[in-house]
Amino acid sequence: MRLHKTLVAIALASTISSVQAMTEDDPLVGKVIIDQLETRSADGSDPLVLEADAWFGYDLHKLWLKADVEKVGSQIEESEFQALYSRAVDPNWDFQIGWRHNNKPKPTRDWLALGFKGVAPYWIETDAALFIGDNSQINARLTLEHEMMFTQQLVLIPELSMNLFSKKDDATEVGSGLSDMSFGLRLGYEIKREFAPYIGVNWSKKFGGTADHARDAGEKVSDTQFVMGIRAWF
């Protein structure tokens, strides 16, 4: 954890130094992105899911904030937050370093975050990250997303996400190796470019030791959910 805090402090110091060097030709800008705010049909539980990002900064240097929260009824089942320093290394790619905090499920976990975020060939939005936690636990995560415009307003968005862990963590019911994978298809209608309600379907599956934990708890290993929500940015 001391190494994590040191590296994050170096990243923040670099950001402050870069900000001081900026001129009027590179103004401070920002953006808030609600990628998913949706309800999912799940055997009557109907969880509410929020995935949102916000960034503030300059052309080359930015602060990224990420939130991923799932709520069932009045209880928050999962919550994850990230604070990252982002440095453009290519017109299409940013290198990111910072801190990730998982508050739910208990016990809490803190991670050093390293990754690349950008646009791969064929306009595939890519978020590839490596998280280093306590006891040398490593979590690799890959998220791929692509917008397919059918008309100027109708858009289909396939999304694939997966997590891998270097070792098991019984406290958070995570197994080693490939832990989970999800694939979603969301069909949206852009009332305007910045706002689009959508419907879709989301498939998820747990693997290995993570699946074993789910079975022991009487939970599904694989699930298909119909979703309804909005995407927005400002």
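**Exercise 1. Thr210 and its helix**

At 8% relative accessibility, does Thr210 count as buried or exposed? Then find where Thr210 sits and what surrounds it.

*Solution.* First, know the model. This is a predicted model, with residues numbered from 1 along each chain as its sequence is written. Local features need pLDDT of at least 70, side-chain atom pairs count only at pLDDT 80 or more, totals for chains, interfaces and linings use all residues, and side-chain values use heavy atoms, with hydrogens and water left out.

Step 1. Set the cut-offs. Buried means under 20% relative accessible area, exposed means over 50%, and partly exposed lies in between (1.4 Å probe, protein chains only). Thr210 has 8% relative accessibility, so Thr210 is buried.

Step 2. Thr210 belongs to helix H2, which covers residues 208-216. Helices (H or I, at least four residues) and strands (E, at least two) are DSSP runs, numbered from the N terminus.

Step 3. List the contacts. Contact means heavy atoms within 4.5 Å. Setting aside neighbours within four places in sequence, Thr210 touches Glu173, Val174, Gly175 and Ser179.

Step 4. Look at the rest of H2. Thr210, Ala211, His213 and Ala214 are buried there. Seen down the axis of H2, these buried residues fall within an arc of 155°, so they line one face of the helix. The arc is that of the directions from the helix axis to the C-beta atoms. The buried residues of H2 pack against E11 and E12.

Step 5. Leave the helix. Gly218 follows H2, and its phi is positive, near 75°.

**Exercise 2. From E5 to E7**

Which residue in E6 stands opposite Ile97? Trace the two hairpins around E6.

*Solution.* Step 1. E5 and E6 run antiparallel, and 10 bridges join them. Ile97 stands opposite Leu114 in E6. This hairpin has four residues between its strands.

Step 1. E6 also pairs with E7, antiparallel, over nine bridges. The partner of Leu112 in E7 is Ile132. Three residues separate E6 and E7 in their hairpin, and Tyr122 in the turn has a positive phi of about 65°.

**Exercise 3. Backbone exceptions**

*Solution.* Step 1. Recall the rule. Most residues other than glycine have a negative phi, and most peptide bonds are trans.

Step 2. Take the phi values. Ser136 is not a glycine, yet its phi is positive, about 60°. Ser136 sits in the loop between E7 and strand E8 (138-145). Its relative accessibility is 53%, so Ser136 counts as exposed. Glu173 has a positive phi near 60°. Glu173 is in the loop between E10 and E11. At 38% relative accessibility, Glu173 counts as partly exposed.

**Exercise 4. The cavity**

How many cavities of 30 Å³ or more does a search of the whole structure find? Describe the lining of the largest cavity.

*Solution.* Step 1. On a 1 Å grid over the protein atoms alone, a cavity is a set of points where a 1.4 Å probe fits but cannot get out; lining residues have an atom within 4 Å of a point. Grid points are joined across faces, edges and corners, and a volume is the space filled by probe spheres set on the points.

Step 1. The search finds one cavity of 30 Å³ or more. The largest cavity holds about 50 Å³ of space.

Step 2. Its lining includes Lys66, Gln82, Leu114 and Phe131. Strands E4 (75-90), E6 (109-120) and E7 (124-132) each give two or more residues to this lining.

Step 3. Sort the lining: seven nonpolar, three polar and two charged residues. Ala, Val, Leu, Ile, Met, Phe, Trp, Tyr, Cys and Pro count as nonpolar, Asp, Glu, Lys and Arg as charged, and the others, Gly among them, as polar.

Technical notes:
1 Å grid on protein atoms, 1.4 Å probe; cavity = no way out; pocket = protein on both sides within 12 Å on 5 of 7 lines; lining within 4 Å. Pairing = 2+ DSSP bridges.
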